[in-house]
Amino acid sequence: MESSNQPLPRLRTLTSFLVPHRRTMLLGLLLGLAANAAGLATPMVTKWVLDTLGDGGSMARPIAVLLVLVVVGAAIGLWQWRLLGTLAEQIVLDARTAMVARYFRARVGELQRRPTGELVTRATSDTQLLREASSSIVGLVNAGIALLGTLVLMGVLDLFLLGCTLAAVLVVAAVMGVLMPRIAAAQVGAQEHMGRLGGALEGALRAVRTVKASRAEARVTERIVDDARQVATHSVRAALVTASVWTIAWTGIQLAVIVILGIGAWRAQRDLLEISSLIAFLLYVFQLMGPITELTQNTTALQAGIAAAGRIREVETMATEPAGPASTSTSRPDTVDAEQPVLVFRGVTARYGPDAAPAVRDVDLVIPRRGHTAIVGPSGAGKTTLFSLILRFLEPEHGQLLLDGRPYAAYRPDEVRARLAYVEQETPVVPGTIRDNVRFTHPDATDDEIRAALRAVRLDEKVDSLPEGLDTPLSSTEVSGGQRQRIALARAMLRTPQVLLLDEATAQVDGLTEAALQECVRQRAAAGAVVTIAHRLSTVLDADRIVVLEDGRVRAEGTHAELLAGDDLYRRLVEALRIAAEEPVAAAR
């Protein structure tokens, strides 16, 4: 990791984005060299024009050559500009494509350890910096060659004046060499704080209702603005250093022009230098401003691009989900043993990090192919971890999970998830319409299937009453939080999964709707497995079997009546849920 802060490894990181496009970059370099050649020849042809004028010869030929050089140089420059502009956008697109693909291949835990806004910033702001950096390397080579070529031709015209020019160039280069690392450091700092700013702002906007209800607008604003100030501080520092570099470069060239003009005029008076050569030499001096400007701009862009490339490449260190061998089918088997459990935990232990305590320990659990299993336990008992293991968001450290009698290792993650349906407690919706959300898991679903799923969650009449019906955007204020929750449940019920996982999917609905949804869950449990993390009374009482977790272990299993009679923790949980200990299960139904 320490070497990543050194210039050479960091430059290699940037060039790794450019290597796939090396042929296009080589063409851009050659075009730049051709344009430089045309530009370098122009002062010499100008000298030819002046010498011809002094000799009284025909001006047609040198003027024609001068015009050809201008037109050809402009055409080549336009070609290079368009080529490198297109290349830069393609590099940005490749980087964004790779990052987005990596995000959605990464383990859920890897993504959750980073603020969402920071991940978005890396895919947007950081990749933008690659645009300038991608062409900066070509620009640096072209500018360097142009600078060298200009100096060589200046030497051909007058070595003494060249020495004066070199002295000025070396002074400017030395000062730039001292200041450039400070630009790089400021760029890195600005990008780091930009990521923090994006993460803080995204999180605050997501919780804007809580922010306002807590009267915390001023505090949150100040915290986010502090990150913005840090970005501004580093950016201003980079701007000040860049301004210093530019000022030194331009002032150095202007002073050199004045000195060269005076010395050249003195030498011309003593017939040590032709007037035409002095004019050509001065043209080359003015041309030096172009390469030096390019070197300054491209070096600045390169520093920013190197910083961005390093942050982008960090995404590649995110662990991805395992790519197991493909099974014979990703759909539910046509024939299954009705007595065989659909899911089995065998001595499963899992933790969220190498230094973290186990979230679950030695879990042995069987999920029948049919029926409703409720999972209860105090906060931190491991309920959500069980779901993460079932969905392969988390891999076990020890033990084994079986699906349809086969180890999870025999399936790819997507093959496991093809047999499951999951509704989160927060029931997030994806951008788009009601139709897009309901068929998100099954994009080929018909409108009849969508309406049947909405009917199952008692939402079909509400959707039909909306002006845009199924095409109503989920951002619409006409769709309440409880209705969004039912839309998420409809998505899970669109096509019968082997296992329906519900993290208390009725938490935001009214009593009448909850009763209807519980009936829907009972019907689904009659045909397949339903596993619920229970937070409400009705869910516990409605389950065929209840699993009690404590400290990451399965403490007890049984029906409501059995656990009331035989497990002290369950009785305390029941009391916390305000269920009378003597209340029979049937009465709750």
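## A close look at the core and its strands

A: Let's start with Ser-388: leaving aside neighbours within four places in sequence, Ser-388 is in contact with Tyr-352, Phe-393 and Leu-394. Bear in mind that this is a predicted model. Ser-388 sits in helix α10, and with a relative accessible area of 11% Ser-388 counts as buried, because the cut-off for that is under 20%.

Not counting residues up to four places away in sequence, Leu-389 touches Phe-345, Val-348, Ala-350, Val-360, Leu-394, Glu-395, Pro-396, Leu-401 and Tyr-408. Leu-394 turns up for Ser-388 and again for Leu-389.

Now step back to the core itself. The largest nonpolar core has 31 residues, and the ones touching the most other members are Leu-343, Phe-345, Leu-386, Leu-389, Ile-390, Val-499 and Leu-501. Two or more residues each come from β1 (343-350), β2 (360-367), α10 (383-390), β4 (398-403), β7 (499-502), β8 (529-533) and β9 (545-550). There's also a second, separate core of 28 residues, with Ile-434, Ile-450, Leu-474 and Leu-502 among its members. As a background rule, nonpolar side chains in soluble globular proteins tend to be buried together.

Strand β9 is mostly covered, with 5 of its 6 residues buried. Strand β3 (residues 371-376) pairs with β9 in the parallel sense over 4 bridges, and Val-376 has Val-548 of β9 as its bridge partner. Strand β10 (residues 553-558) runs antiparallel to β9, and 5 bridges join the two. Here Leu-549 stands opposite Val-554 in β10.

For contrast, go to helix α5 (residues 116-157), where you'll find Val-156. Val-156 has a relative accessible area of 58%, so it counts as exposed, the cut-off being over 50%. Together with Leu-148 and Val-152, Val-156 makes a nonpolar surface patch of about 300 Å².

Technical notes:
Residues are numbered from 1 along each chain as its sequence is written. This is a predicted model: local features need pLDDT of at least 70, side-chain atom pairs count only at pLDDT 80 or more; totals for chains, interfaces and linings use all residues. Side-chain values use heavy atoms; hydrogens and water are left out. Patches are made of residues with over 30% relative accessible area and no salt bridge: like charges are joined within 9 Å, nonpolar side chains (Val, Leu, Ile, Met, Phe, Trp, Tyr) within 5 Å. Accessible areas come from the Shrake-Rupley method with a 1.4 Å probe; for residues, only the protein chains shown count as cover. A salt bridge is a side-chain nitrogen of Lys or Arg within 4 Å of a carboxyl oxygen of Asp or Glu. Buried means under 20% relative accessible area, exposed over 50%, partly exposed in between (1.4 Å probe, protein chains only). A nonpolar core is a set of buried Ala, Val, Leu, Ile, Met, Phe, Trp, Tyr and Cys residues joined through side-chain atoms within 4.5 Å. Contact means heavy atoms within 4.5 Å. Two strands pair if DSSP finds at least two bridges between them.
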